[in-house]
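Open the model in your viewer and keep the selection panel at hand. Each stop below gives something to select and then what is there.

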Amino acid sequence: MTDLIARPYWYLRHGETDWNAQGRSQGRTDIPLNPTGIAQAEAAGLLLARHWTDHAPIVRIVSSPLVRARRTAEIVADQLAAHGAPRFDITFDDGLMEVCFGDEEGKAMGTWYDSWIAGDYTPAHGESFAALRERAVAAVNRALAPEGVPLIVCHGAMFRALRSAMHLKPNVRLANATPIWAEPGATAQWELTALT
C-alpha cells in the first residue's frame with residue numbers, strides 16, 4: 001500500500017452538478033457544473049484569494065480532467081488571478097479522475113456505498129475502493145512531488161480515499177467547492193481545516 005507524502009496541500013471538490021443535486025452517483029460520467037456549481041467555484045476562488053496567507057500559498061493547480069473539476073479549476077484560477085495571485089496554468093492528471101462506479105453510475109446513491117468503502121462490494125464494471133485509494137495516493141503524490149503547495153481540484157469519492165490514506169474516517173461527505181487545507185499531524189493522522 002502506497003503512503004501519502006507527508007506534505008501539506010489544498011484540496012477542492014468540484015462545484016455542484018445536476019446529478020449532485022439529484023443525489024445520483026456520477027463516477028466517471030462527465031456531468032458539467034450547473035449554475036449553482038459555477039457560483040460555488042467562484043466563491044471558492046474568492047475565499048482562497050482572501051486566505052492566501054493563512055496557510056502556505058498555492059504554487060500550482062492540478063485537476064482531474066473531468067469537466068466538472070476542470071471548469072471548477074479554471075474558475076478558481078481566474079478568481080485567484082483577479083485578486084492578486086499569479087495566473088496559474090492548470091495541470092491535468094488522469095489519476096485524479098473520479099472513481100468508476102460502473103453499473104451504479106446515474107442511479108441514486110444506495111446502501112451499497114458503506115460496503116464499497118469497507119471492501120465488501122464493488123459495483124459491476126466498477127473500481128474497488130482499495131484500487132481507488134492506491135490511484136488517489138499516487139496522483140496526489142505526483143502533485144506534491146515538486147516544491148511548494150498544490151491546489152488539487154478533484155472529486156468526493158477521491159477525497160474519501162485520501163481520508164483513508166490520511167488515517168481518518170473515510171466515509172465523510174465533502175461539500176461541493178469547500179477548500180480544505182490538509183497537513184500532516186504530529187502522529188500518522190492528518191489535520192484538515194475547511195475554509196468557510
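**Before you start**

This is a predicted model, so local features need pLDDT of at least 70, side-chain atom pairs count only at pLDDT 80 or more, and totals for chains, interfaces and linings use all residues. Residues are numbered from 1 along each chain as its sequence is written, and side-chain values use heavy atoms, with hydrogens and water left out.

**Stop 1: helix α5**

Select residues 129–144. This is helix α5, with 16 residues. Helices (H or I, at least four residues) and strands (E, at least two) are DSSP runs, numbered from the N terminus. From first C-alpha to last, α5 reaches 22 Å, close to the 22 Å expected at 1.5 Å a residue. That expected span is 1.5 Å times one less than the number of residues.

Now colour by burial. Buried means under 20% relative accessible area, exposed over 50%, and partly exposed in between (1.4 Å probe, protein chains only). The buried residues of α5 include F129, L132, R133 and R135. A136, V137, A139 and V140 are also among them, as are N141, A143 and L144.

What do the buried residues of α5 pack against? Show β1 (9–13), β2, α4 (112–118), β4 (149–154) and α6 (156–165). Contact here means heavy atoms within 4.5 Å.

**Stop 2: helix α6 and its crossing with α5**

Two packed helices are described by the angle between their axes and the distance between the axes. For α5 and α6 the angle is about 85°, and the axes are 8 Å apart. Axes are lines fitted to C-alpha atoms, for helices over the stretch in contact, and angles run from 0 to 180 degrees between N-to-C directions. The two helices are therefore roughly perpendicular to each other. The classes are: under 35 degrees roughly parallel, over 145 roughly antiparallel, 65 to 115 roughly perpendicular, and the rest oblique.

Select the two faces. From α5, take F129, L132, R133, R135, A136, V137 and V140; from α6, take A157, M158, R160, A161, L162, S164 and A165. By class, this contact has ten nonpolar, one polar and three charged residues. Ala, Val, Leu, Ile, Met, Phe, Trp, Tyr, Cys and Pro count as nonpolar, Asp, Glu, Lys and Arg as charged, and the others, Gly among them, as polar.

Is α6 enclosed or open? Nine of its ten residues are buried, so α6 is largely enclosed by the rest of the structure. Its cover includes β1, α4, α5, β4, β5 and β6 (190–194). Step past the end of α6 to H167, whose phi is positive, near 65°.

**Stop 3: salt bridges**

Side chains of opposite charge can pair when their charged atoms come close. A salt bridge is a side-chain nitrogen of Lys or Arg within 4 Å of a carboxyl oxygen of Asp or Glu. The structure holds five.

Select R28 and E127. Their closest N and O atoms are 3.8 Å apart. R28 lies in the loop between α1 (18–22) and α2 (35–50), and E127 in the loop between α4 and α5, so the pair ties together parts that are 99 residues apart in sequence. R28 is partly exposed at 29%, whereas E127 is buried at 12%.

Next, select E74 and R71, with N and O 3.4 Å apart. Both sit in helix α3 (residues 67–82), three residues apart, or about one helical turn.

Then select D78 and R87. This bridge has an N to O distance of 2.7 Å. Salt bridges that share partners also join R28, E127 and R135 into one network.

**Stop 4: three single residues**

Select S63, in strand β2 (residues 58–63). S63 is buried, at 0% relative accessibility. Beyond its neighbours within four places in sequence, S63 contacts residues including A69, R70, F92, D93 and V153.

Move to E183 in strand β5 (residues 180–184). E183 and P8 are 175 residues apart along the chain, yet their C-alpha atoms are separated by 4.2 Å. Not counting residues up to four places away in sequence, E183 touches P8, W190 and E191.

Finish at V67 in helix α3. V67 is partly exposed, at 30% relative accessibility. Leaving aside neighbours within four places in sequence, V67 is in contact with D30, I31 and P32.
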